Amino acid sequence: MTGVQVRLLLVEPDDGLADLLTTMLQTPYRQIHRVATATEAQQWLQQQSAHLIITELFLPDLDGRSLILWIRQQPQTQQTPILVLSAHLSSAVKAECYALGADDVLEKPFDPAELSLIVASLLQRMILQQGSDPLTGLPGRALLEETFGRLQQLHRQTGAPFCVAFVDLDRFAEINKRYGTAIADAILRQVAWHFGRLLRPGDVVGRWEADTFCLLLPDTSETQARLLLERILEALQTEPIKLAETPPLTLSFSACIFPLSGNKPVRLMDLHQQSQQCLQRRRADAPVRSIQEHVTHKPRILLVEDDPDIASLIQIRLQRDGYEVVHLANGREAAEWARQHTADLVILDVKLPGMDGFELLAFLRAQPAFAEVPIVMLTSLSQEQHVVRGFELGADDYVVKPFSPVELSARVRRLLHRQTPQLVTL
């Protein structure tokens with residue numbers, strides 16, 4: 001990866017070990033920023049981007065597993081590789097770290113050669129992903145920054161006009177929440193296609209993050225950039241996005257244009273931060289706009305799980321897929337809830353306070369409202385007798401921890417589709 005500047009965030013409270021790791025991992029192409037607490041890591045990640053995060057689990061202010069979960073909840077760090085480097089790691093703790101979103105786990109004391117290989121592998125994967133966005137095929141952040149550097153240098157040499165624009169899709173989080181990530185990804189690909197067909201030769205468009213696109217417009221004045229964006233916006237609004245799974249969607253976006261002038265170098269990251277501040281102020285002053293489509297009923301999922309981190313991980317994933325999630329941590333409380341409410345699907349842990357998952361499963365199957373509702377057992381109990389008992393009591397599926405949130409989401413989707421629910425227009 002020679003020539004590519006990468007940033008590592010090291011979360012390590014031990015000063016001596018942090019210095020050793022910095023010395024080991026430092027190269028001319030790596031910037032290593034070290035913090036000692038989870039709070040410092042969160043503050044830094046809200047201002048900067050990292051190609052790799054290395055974290056200890058035992059932090060002064062927060063359990064490292066909670067930090068991993070927070071990182072995976074932030075749009076800008078959802079895909080950032082995480083390496084857990086900690087002491088006294090049991091197999092259960094390692095499994096939990098993987099379930100929460102860690103990419104690799106290494107126990108202290110570690111083999112320096114093994115650590116170097118893991119870091120190099122994770123960095124290479126991240127750089128390749130950022131080089132070309134795998135979802136849209138557009139340039140990612142790293143390629144955008146590299147291309148911007150070349151175009152900015154050419155602009156300073158020739159004095160020709162040069163504009164940069166950041167484009168944020170309006171209310172895209174609402175679409176993502178309502179229809180799920182698969183539909184949201186399909187929409188992003190169609191938006192990328194619109195950009196590609198409407199831009200001129202020499203223009204560059206890339207996906208900066210999530211639903212934010214970056215346009216590099218050489219030989220373009222501010223007026224020309226504005227007209228170009230208005231033409232793209234008109235195309236999105238006159239040609240609704242049509243997918244088999246949704247009603248036609250009419251999209252809009254908000255954009256900030258930066259005309260570059262003078263010879264002082266500018267960082268693309270700084271322009272992005274300015275654009276976000278500008279758009280936040282604009283949205284605060286603008287009237288609320290709704291997506292132009294029919295609102296449909298969201299399937300309700302009852303999640304009974306007493307581990308708050310695992311429950312949060314599941315909730316985030318299922319809510320992103322467009323489901324309403326009701327979370328309860330106590331088996332008896334879940335039984336009481338089921339007396340008064342219904343759900344389209346249930347996910348049960350077995351080791352629950354109040355009433356264990358097998359007892360709750362038998363109780364639910366005895367209720368007319370839950371007699372045919374799909375029920376998934378999600379538990380660390382993997383012995384054959386436990387699996388058999390779950391199915392005998394009426395479970396539709398049995399998932400053993402540690403589990404993949406993506407796989408769980410696919411199982412949920414399969415069971416709900418098997419029920420062939422009717423969408424209700426409100």
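This is a predicted model: local features need pLDDT of at least 70, side-chain atom pairs count only at pLDDT 80 or more; totals for chains, interfaces and linings use all residues.
Figure 1. The peptide bond leading from K401 into P402 is cis, and its omega angle is near 0°.

**Figure 2. The cis peptide bond between K108 and P109.** K108 and P109 are joined by a cis peptide bond with an omega of about -5°. P109 belongs to the loop between β5 (104-108) and α5 (112-131).

**Figure 3. H88, a non-glycine residue with positive phi.** The phi angle of H88 is near 55°, a positive value in a residue that is not glycine. H88 is exposed, and its relative accessible area is 69%.

Figure 4. R171 is found in the loop that lies between β6 and α7 (172-179). Although R171 is not a glycine, its phi is positive, at about 55°. Is R171 buried, partly exposed or exposed? With a relative accessibility of 35%, R171 counts as partly exposed, since the partly exposed class lies between the buried limit of 20% and the exposed limit of 50%.

**Figure 5. The aromatic pair of F148 and F162.** The structure contains 5 aromatic pairs. In one of them, the rings of F148 and F162 are tilted, with 35° between the planes and 6.0 Å from centre to centre. F148 is part of helix α6 (residues 141-158) and F162 is part of strand β6 (residues 162-169), so this pair ties together parts that are 14 residues apart in sequence. Both F148 and F162 are buried.

**Figure 6. The aromatic pair of F195 and F253.** The rings of F195 and F253 form a tilted pair, at 6.4 Å centre to centre and with 35° between the planes. This pair links distant parts of the chain, since F195 lies in helix α8 (residues 181-198) and F253 in strand β9 (residues 253-259), 58 residues apart. F195 is buried, with a relative accessible area of 0%. F253 is buried as well, with a relative accessible area of 8%. Together with F213, the residues F195 and F253 form one aromatic cluster.

Figure 7. Strand β10 (residues 300-304) and strand β11 (residues 324-328) run parallel and are joined by 5 bridges. Which residue of β11 is the bridge partner of L302? The partner is V326. With helix α11 (residues 308-320), the strands β10 and β11 make a right-handed β-α-β unit.

Figure 8. V325 is a residue of strand β11. V325 is buried, and its relative accessible area is 12%; the limit for a buried residue is under 20%. When neighbours within four places in sequence are left aside, the contacts of V325 are I301, L303, Q315, L318 and Q319. Of these, I301 and L303 fall within the residue range of β10, while Q315, L318 and Q319 fall within that of α11. V325 and A343 are 18 residues apart along the chain, and their C-alpha atoms are separated by 9.3 Å.

**Figure 9. The buried face of helix α12.** Helix α12 (residues 331-340) has G331, A334, A335, W337 and A338 as buried residues. Seen down the axis of α12, these buried residues fall within an arc of 160°, so they line one face of the helix. In an α-helix there are 3.6 residues a turn, so residues three or four places apart point the same way. The elements that cover the buried residues of α12 include β10, β11 and α13 (357-366).

**Figure 10. The chain as a whole, for orientation of the close-up views.** The chain has 15 helices and 14 strands. Of its 426 residues, 51% count as buried. The chain exposes about 20,300 Å², and carbon and sulfur atoms supply 51% of this area. Among contacts between residues at least 6 apart in sequence, 68% join residues at least 24 apart.

Definitions and conventions:
Residues are numbered from 1 along each chain as its sequence is written. Side-chain values use heavy atoms; hydrogens and water are left out. Helices (H or I, at least four residues) and strands (E, at least two) are DSSP runs, numbered from the N terminus. Buried means under 20% relative accessible area, exposed over 50%, partly exposed in between (1.4 Å probe, protein chains only). Contact means heavy atoms within 4.5 Å. Accessible areas come from the Shrake-Rupley method with a 1.4 Å probe; for residues, only the protein chains shown count as cover. Two strands pair if DSSP finds at least two bridges between them. A crossover is right-handed if, with the strands pointing away from the viewer, the path from the first strand over the helix to the second runs clockwise. Rings of Phe, Tyr and Trp (its six-membered ring) pair if their centres lie within 6.5 Å; planes under 30 degrees apart count as stacked, over 60 as edge-to-face and the rest as tilted. The arc is that of the directions from the helix axis to the C-beta atoms.
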